[in-house]
Structures are given as C-alpha cells and as structure tokens.
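Please look over the sequence and the model shown here before reading on.

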Amino acid sequence: NAVVAHKLGFCYHTLKNYPKAIECFENALENVKDEEKRLEIYNLLIEAKIFNGDDEDALVLCNQSLIMFPFNAMTNFLIGEIYFHKNEYENALNKYVEASKYDPKFIQALMNSGHIYVIKNYLNKALAVYAKVLELTPDNPTALCNIALIKYKQGDKNAAFNILFKLAVKGGEKNYLVHKYLGIIWLEKGKAHDAIVSLKKAVELNNKDIDNHINLGVCFHKTNVLNTGAEHYLKALDIEPQNMIALKNLALLYFDWGKNHEAIELYEKLLDLEPENMPAIKNIG
C-alpha cells in the first residue's frame, strides 16, 4: 500500500532511521501514479539519502526527478545541499539561486545562498539576500544574526551591537553566536562584566567553541579573577591543546599571578612552537 509506505517512511525519517525511511519511500514509489505525490516522495527519498550519507545516490535521484519535474524548487535545493557537502560552493550557490527563482518564498534556499556569499566574502550580496528573507519573515532571528555578524566583519560594530542586543532579549536568545559576538563587542568596549554575562550564555549553548573560553579567560583576567580565568584557558586547551592564543594568554595570566613555574612551563612550550616569540623570551627572562 503506497499510502501506508509513504506515511511509514515519513515516520522513520522523522525518527532519523534513514535506512528504513529509504526502504519505505522506494516501496511507495513502485505503486504511486499521481505525479504530484511521486514528486513529494522523490524529494523525501532524496533527503533521506543525503542524511544517510549517500550523496552520490541522492544526486542520481535528483537528476531523475528533474527529468520529470524540471522546475521543482525543492529538488534544485537538494542538489545544492549535495554540492555544499562536497564543498563545491559555486555549484551549490547556482542550485540555491535556481530554487529561489522557482519559489521566491523558499526561505532556506535564500539563507543558504547568503551563507555561501559570506564564505566567498561577497558580503554585500549576502546582505541583499538576508534583506529578502526579512521581507518574508521580518523578525527572522537567524537572518538578523547573520546581518549583525556581517556588519561586525565590515567594521560597523555599533550596528552589529544594536541588532545583537535586541536578539539576546528576544528572538535569538537560543543562538550562541548572538551571545558570543555580543560578548566580544562588550569586551572591546571595555565592559568586561557585561561581556562575562553574554559569554557565559554562549558557553551554556555551545561548550565546544574555543573562542568563548578564551574570551571568558580574558574577561576574568581583566577583572582580576585569575583562578576562573585560568580555568577557561585550560578548557580552551582541552579543546585545542596547541592553540597559540590560549597558551599565550594563560602564560601571561600565570606570570601576572606570580605562578612562575607554571608560566615558565607554558612559555617553553610556546617557544617549541614559536622559537622567535620575543614576549615569551622576555617573560621567561
């Protein structure tokens, strides 16, 4: 029964049991004649193949689908996803743009286009795409956050701060990037205590981002809470043991704290990595 196979496949897909979902969708396609329904199942099958890591199989299915349904936005979007996984950004961008042409309200296609423009450093093009997203969904927190990050990258830190500050209260409060960059800007403004509040929230949402721990280390060093600052630098080094910024900052913190043996040990490790590091040579002296 094609209807049952379709619904059952959708359940497996939702439960992330992609092999079972693929099996069900393939069974459904054998018995579905309605073209609109076939297209829907095709796209679900392609999506399940992508999530299952079968990009090449998914691409074959996409090309088969486009023969039957050449102007389908979702199929073009899914081809874009496959190219994106393969780091073929130009091909991915072309497909996202095509998907947006066939469905101008396809938010995710627009968002992904913007993401590639950022990767390629076409920041004004990215801003134009995110502006289209905001025309469709005026309070889209991801688009607003991305605009803020572009503004920050372009040096317009006041505009970035204003967007992020609003998002931290409403809309983007679950996006760790909002709190991360808000914390960075607070730190640049010399407001270490405000930065700590934002960066702690960023760490709660994403404990694996090394920048958050390094920046918290800087904040606690500046506010003379040296033991907590050291803890965050050590957490950063747990994530990336040879991170030069964390090593330098922790060595300097130990130096200021009077923990000379610990500082020397770190400076010697730094000199193994950077033999000409003059601040490390000076501080060991």
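## Basis of the model

This is a predicted model, in which local features need pLDDT of at least 70 and side-chain atom pairs count only at pLDDT 80 or more, while totals for chains, interfaces and linings use all residues. Residues are numbered from 1 along each chain as its sequence is written, and side-chain values use heavy atoms, with hydrogens and water left out.

Helices are DSSP runs (H or I, at least four residues) numbered from the N terminus. Helix α13 spans residues 210-222 and helix α14 spans residues 226-239, and their axes come within 8 Å and cross at roughly 160°; axes are lines fitted to C-alpha atoms over the stretch in contact, with angles from 0 to 180 degrees between N-to-C directions. α13 is therefore roughly antiparallel to α14, a term for angles over 145 degrees. Their crossing is left-handed, that is, the near helix is turned anticlockwise from the far one by less than a right angle. The contact (heavy atoms within 4.5 Å) includes Ile210 and Phe220 of α13 and Leu226 and Tyr233 of α14.

The axes of α12 and α13 come within 9 Å and cross at roughly 155°, so these two helices are also roughly antiparallel to each other, and α12 passes α13 in a left-handed crossing. Among the residues making this contact are Ala195 and Leu199 of α12 and Leu216 and Cys219 of α13.

## Nonpolar cores

A nonpolar core is a set of buried Ala, Val, Leu, Ile, Met, Phe, Trp, Tyr and Cys residues joined through side-chain atoms within 4.5 Å. In the largest one, which has 47 residues, Phe25, Ile46, Phe77 and Tyr130 touch the most other members. A second, separate core of 42 residues includes Phe161, Ile210, Leu237 and Leu247.

## Two residues in their surroundings

Ser198 lies in helix α12, which covers residues 192-205, and counts as buried because its relative accessibility is 8%, buried being under 20% relative accessible area with a 1.4 Å probe and protein chains only. Not counting residues up to four places away in sequence, Ser198 touches His179, Leu182, Gly183 and Trp186.

Ile284 belongs to helix α17, residues 278-284, and its 31% relative accessibility makes it partly exposed, the class between buried and exposed, the latter being over 50%. Apart from neighbours within four places in sequence, Ile284 is in contact with Tyr267, Glu268 and Leu271.

Definitions and conventions. Angles under 35 degrees count as roughly parallel, over 145 as roughly antiparallel, 65 to 115 as roughly perpendicular and the rest as oblique.
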